[in-house]
Amino acid sequence: MQPPHPDKWQRLEAQLAERRAAALYRSRRITDSPSGVEMIVDGRLRLCFCSNDYLGLAAHPAVIAAFQQGADAYGVGSGAAHLITGHSRAHHQLEEELAAFTGRERALLFSTGYMANLGIISALTGRGDFVREDRLNHASLLDGALLSGARLQRYRHRDHEDLATKLSASQSETRLIATDGVFSMDGTIAPLPELTRLAQTHDAWLLVDDAHGFGVLGKNGGGCTEHFGFDQEQIPILMGTLGKAVGTFGAFVAGRETLIETLIQQARSYVYTTALPPALAEATRASLKLVQQEGWRREKLQALIQRFRAGATQLGHTLMDSTTPIQPLLVGSSEKAMAMSQSLLEHDILITAIRPPTVPEGSARLRITFSAEHTEQQIDRLLLALEAIR
């Protein structure tokens, strides 16, 4: 007689126990303050180096005021999807301003970057098509390809020659190349000049997820496209998020009129979800102006990054080849990354340990990120703490 199988709850408990034993268990922390470089986390004031609020705009007074005025004008919720009654004038004006800022014909708001990537890829590809993606792409790009039913092929990280080989072997009519603009766990920039050339040679769509470049890269904060000087013909599908450097919430897709109208008709994650609150759109409009007008934020950010890199290198730490606010400190094992994160917390410095499956096995790291609101003294405090925990 066979022994009884463990019930469904026992199986889940066993899986959770395995994650704990492998130092892969994820836990949430409770904050009691606005997003900033200093935050009250789990009841204590911490110096934070793990936010994506790169320009320090999430709690900017002008952005907060615009949000409050938007709530007074439109209420809290949008009440419906964009195609019902949820598309306010605030949404429409923000889309027009995003299109103008990115140099595209049109822009379309999505509730999150994840939903934008799901909607784009599933609207443009299907069974029989091919989607080629960088091996270290964000999960939303990979999931978008899986949802579409197209065949997903992953090329070696930032290896355009491997991508060229895979494109040459394809006979499908519709081909799509998708890549992060700035890789969220490495801070490195995709080789977009080579990718644009391959996309044009093979008549493929090129989708760039510029979540971590938009607002940060380029003289005016236009992101990867401004950094390389590319227009909508070279990068026909530009996705950007609004919850990182812009400091609010949501995402957008920018490109030709035909692309945007296609997504309005066919992107399920756009059609079948409630629109962002209009007050958030008004807050984002205010923040977008600051992104363009206050270039000193990007200049200061670069100075802080260079100060950290020089100090960390002097201490003998292994950094990745990143010029962006994402400066990962490679550790190796998940156990060691967790131990270092905890040791820094004892110095009241909060940095998250990033472990598999978010990053490849053996490449656990401290994902250190910087904001224009950080000071040189705070960078030096971080360096002293890193030296102390070695």
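Pro278 is buried in this predicted model, since its relative accessible area is 4%, and a buried residue is one that falls under 20%. Pro278 belongs to helix H12, which covers residues 278-293. Once residues up to four places away in sequence are set aside, Pro278 touches Tyr74, Gly77, Ser78, Ser88, Ala90 and His91. One of these contacts, Ser88, is 190 residues away from Pro278 in sequence, yet the two C-alpha atoms are 6.4 Å apart in space.

Helix H12 also holds Val291, and this residue is buried as well, with a relative accessible area of 1%. Apart from neighbours within four places in sequence, Val291 is in contact with Leu55, Leu57, Phe101, Gly215, Asn220, Gly221, Val246 and Arg298. By contrast, His202 is 89 residues from Val291 along the chain, and their C-alpha atoms are separated by 35 Å.

Thr324 sits in the loop between helix H13 (296-314) and strand S10 (326-332), and with 1% relative accessibility it counts as buried. Its side chain reaches the backbone oxygen of Gly187 at 2.9 Å. Gly187 is also among the contacts of Thr324 beyond four places in sequence, together with Val182, Ile189, Leu217 and Ile305.

Let us now turn to a whole helix. Which residues of helix H7 (residues 160-168) are buried? They include Asp162, Leu163 and Leu167, and because these three cover an arc of only 135° around the axis, they lie on the same side of H7. In general, an α-helix has 3.6 residues a turn, so residues three or four places apart point the same way. On the other side of H7, Glu161, Thr165 and Ser168 are exposed. The buried residues of H7 pack against strand S4 (130-134), strand S5 (151-155), strand S6 (175-180) and helix H8 (192-201). At the start of H7, a side-chain oxygen of Asp159 comes to within 3.1 Å of the backbone nitrogen of Glu161.

Finally, consider the backbone itself. Most residues other than glycine have a negative phi, and most peptide bonds are trans. Asp203, although not a glycine, has a positive phi of about 50°, and it is found in the loop between H8 and strand S7 (205-209). Asp348 likewise has a positive phi, near 60°, and is found in the loop between helix H14 (334-345) and strand S11 (349-350). Are these two residues buried or exposed? Asp203 is exposed, with a relative accessible area of 65%, whereas Asp348 is buried, with a relative accessible area of 16%. A cis peptide bond joins Pro356 and Pro357, with omega at about 5°, and Pro357 is placed in the loop between strand S12 (353-354) and strand S13 (364-369).

How values were computed: Residues numbered from 1 in each chain as written. Predicted model: local features only at pLDDT ≥ 70, side-chain atom pairs only at ≥ 80, totals over all residues. Heavy atoms only, no water. Buried < 20%, exposed > 50% of the residue type's maximum accessible area, 1.4 Å probe, protein only. Helix = DSSP H or I, 4+ residues; strand = E, 2+ residues; numbered from the N terminus. Arc of directions from axis to C-beta. Contact = heavy atoms within 4.5 Å. Polar contact = N/O pair within 3.5 Å; in protein donor to acceptor, adjacent residues only side chain to side chain.
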